[in-house]
Amino acid sequence: MMPFASWLSRTSLSMALQGQEGWLWPFLETFHFIGLSLLLGIAGFFDLRLMGVMKRVPIRAVWEFMPWAIAGFSINLVTGLIFLIAEPRQYVENISWWFKVLFLVLAGLNAMLFQTTLSTRIVRLKPGEDTPISFKVVGAVSLITWLGVLYFGRLMPFWGASTSAGL
């Protein structure tokens, strides 16, 4: 991955973004946090409902908030890619970033599994009705993987950061 990171850091887009830490990095971090709040707040609430918590809340009503979680994910995807493009070595050399990517992939696969196999059954669940075990498993895996993304993302400056990363 280092040859890719070296190439990326020499692209015109990366070079334009480098050295903008004074204003661009905090600006993007703020949006990254907003996206994270939308994503984890809504997806976490949905995951808890899938796991059988708050049974009085109709699961379909919680499901209707998911476009906001997708918007949060989109914000994080864009800001995260900008971070990567601006300082590719900082990420590629960081073991915490790789764990974050692993948990992100697992969360995506879990969401894809849910969308392709279980999501059509949501409309049939009534308020107060317990969720099937398959929903509980998907909800638990989702909650664990998103918390893994959050944990390893926050750990990046402290565990595995390159001394050349400027952290």
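Student: How do the axes of α3 and α5 sit relative to each other?

Tutor: The axes of α3 and α5 come within 7 Å and cross at roughly 145°, where axes are lines fitted to C-alpha atoms, for helices over the stretch in contact, and angles run from 0 to 180 degrees between N-to-C directions. Helices here are DSSP runs of H or I with at least four residues, numbered from the N terminus. This is a predicted model, in which local features need pLDDT of at least 70 and side-chain atom pairs count only at pLDDT 80 or more, while totals for chains, interfaces and linings use all residues. Residues are numbered from 1 along each chain as its sequence is written, and side-chain values use heavy atoms, with hydrogens and water left out.

Student: Which residues meet there, and what classes are they?

Tutor: Among those in α3 are W25, L28, H32, L39 and F46, and they belong to a set that meets α5 residues including M66, W68, F73, N76 and F83. By class, the contact has 17 nonpolar, six polar and one charged residues, with Ala, Val, Leu, Ile, Met, Phe, Trp, Tyr, Cys and Pro counted as nonpolar, Asp, Glu, Lys and Arg as charged, and the others, Gly among them, as polar.

Student: Is H32 buried or exposed?

Tutor: H32, in helix α3, counts as buried because its relative accessibility is 15%; buried means under 20% relative accessible area, exposed over 50%, and partly exposed in between, using a 1.4 Å probe and protein chains only. Not counting residues up to four places away in sequence, H32 touches N76, T79, G80, F83 and K100, and contact means heavy atoms within 4.5 Å.

Student: New topic: which residues touch the most other members of the largest nonpolar core?

Tutor: Of its 23 residues, those are F46, L50, I59, F114, I122, F135 and W146. A nonpolar core is a set of buried Ala, Val, Leu, Ile, Met, Phe, Trp, Tyr and Cys residues joined through side-chain atoms within 4.5 Å.

Student: Which helix gives the most to this core?

Tutor: That is α3, with seven residues.

Student: What does F114 touch?

Tutor: Leaving out residues up to four places away in sequence, F114 touches F46, L50, W63, S119, I122 and V138. There is also a second, separate core of 11 residues, which includes L28, F83, L84 and M156.

Student: And where does F135 lie?

Tutor: F135 lies in helix α8, and F135 counts as buried because its relative accessibility is 0%. Its C-alpha atom is separated by 8.2 Å from that of F114, which is 21 residues apart from F135 along the chain. Apart from neighbours within four places in sequence, F135 is in contact with L50, I59, L118, R121, I122 and L125.

Student: What about R49, buried or exposed?

Tutor: R49, in helix α3, is buried, with a relative accessible area of 1%. Leaving aside neighbours within four places in sequence, its contacts include M54, K55, I59, K126 and E129.

Student: Where is M54, then?

Tutor: M54 lies in the loop between α3 and α4, and M54 is partly exposed, with a relative accessible area of 33%. Phi of M54 is near 60°, a positive value in a residue other than glycine.

Student: Last one: where is confidence lowest, and where highest?

Tutor: Confidence is lowest in helix α1 (residues 2–9), at a mean of 78, and highest in α8, at 96. The chain's mean pLDDT, the predictor's confidence in each residue from 0 to 100, is 89, and 95% of its residues reach 70 or more.

Terms used:
Helices (H or I, at least four residues) and strands (E, at least two) are DSSP runs, numbered from the N terminus.
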